[in-house]
Amino acid sequence: MAHAGTLVIQGLNKQYEVQGQALPVLQDIHLTIEPGEFVSIVGSSGCGKSTLLRLIIGLEEGYQGEILLDGTRIKGTNLNRGIVFQEHRLFPWLTVEKNIALGLLNSGLTEGQQRHTIREHIELVGLQGFETAYPHQLSGGMSQRVAIARALVNRPDILLLDEPFGALDAMTRAHLQQELHRIWEKEGITMILVTHDVEEAVYLGDKVVVMEPRPGRIRRIVPVPLAHPRDRAAYAFSVVKDSVLREFAEQPVADRIEPPLKPSEPRAGLPWQFAV
Ligand SMILES: Nc1ncnc2c1ncn2[C@@H]1O[C@H](COP(=O)(O)OP(=O)(O)OP(=O)(O)O)[C@@H](O)[C@H]1O
Ligand SMILES: [Mg+2]
């Protein structure tokens, strides 16, 4: 079991330069995530969720404030932090096990240890029998399992997930949510999940961070004091879900549907086209 560190984000501000002008994207973010916590992040499109994940994983620098893991400022990427994206980003010409093996490129493990670790992770995500399959032979849900295995194979302390189930049908999604919960419990690591699905956020999270746009800020952090396994049909579940949804309802309609256009006028150039 990994020993995840405490992640502390203090006074985080991030802006991009768009057409020569500063576009504020994240403003005054304060968030503490305890080791082994599951944190869901929800918020309208363009409010900076992916940017926040990229900063935590160390893919981007150039921000004000602090992002500290066990008191040390995060600098660059590191094997102790893994990420899964909405699209699985598997290499089509590599088999399942070879795609997972890519995660171990810089691990320093011997070949034998690598084989063992890969086998363990194929089991962890329930893909036994598909070791030599190619991505085109897998369903969307299976491909996401491979992506999760690849991200976990280095035994990261923190796993970041950016809408990992966004492209899947409702049944597969519900199934993978259960699987992700099982993996989180088994591995004991911190998970930070960005999702547009409030039910998914409440089903999995110890707390739900609700963000609001222009610029991206934390509107409210909603605790989820419900024991696992959670029953989506239970009254207590719907009470928490409603309190998250209420935060959205209270945002001005324009903030929920419009991408941020600041600072440039007129609309030409559409800064939100840069969203990843
Ligand atoms: N590299 C970049 N350069 C300029 N602007 C960027 C860049 N990356 C993101 N942005 C802008 O930052 C804002 C936040 O983008 P981000 O992708 O973090 O939003 P998001 O909350 O993840 O949205 P979505 O829910 O649609 O994925 C957007 O206005 C986007 O256009
Ligand atoms: Mg995003």
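Where does Pro-229 lie? Pro-229 lies in the loop between β10 and α7 (235–249), with helices (H or I, at least four residues) and strands (E, at least two) taken as DSSP runs numbered from the N terminus. Please bear in mind that this is a predicted model, where local features need pLDDT of at least 70, side-chain atom pairs count only at pLDDT 80 or more, and totals for chains, interfaces and linings use all residues. Residues are numbered from 1 along each chain as its sequence is written.

1. Cis peptides. The bond from His-228 to Pro-229 is cis, with omega near -5°. Another cis peptide bond joins Arg-214 and Pro-215, with omega about -15°; Pro-215 sits in the loop between β9 (207–212) and β10 (217–223).

2. Asp-28. Phi of this non-glycine residue is positive, near 50°, and its place is in strand β2 (residues 21–33). Asp-28 is partly exposed at 48% relative accessible area (buried means under 20%, exposed over 50%, partly exposed in between; 1.4 Å probe, protein chains only).

3. Glu-163. Here too phi is positive, near 50°, in a residue other than glycine. Glu-163 belongs to the loop between β7 (158–162) and α5 (170–187), and is buried, with a relative accessible area of 16%.

4. Do take a moment over both prolines in the viewer: Pro-215 is in the loop between β9 and β10, while Pro-229 is in the loop between β10 and α7.

Conventions
Chains lettered and ligands numbered in written order. Heavy atoms only, no water.
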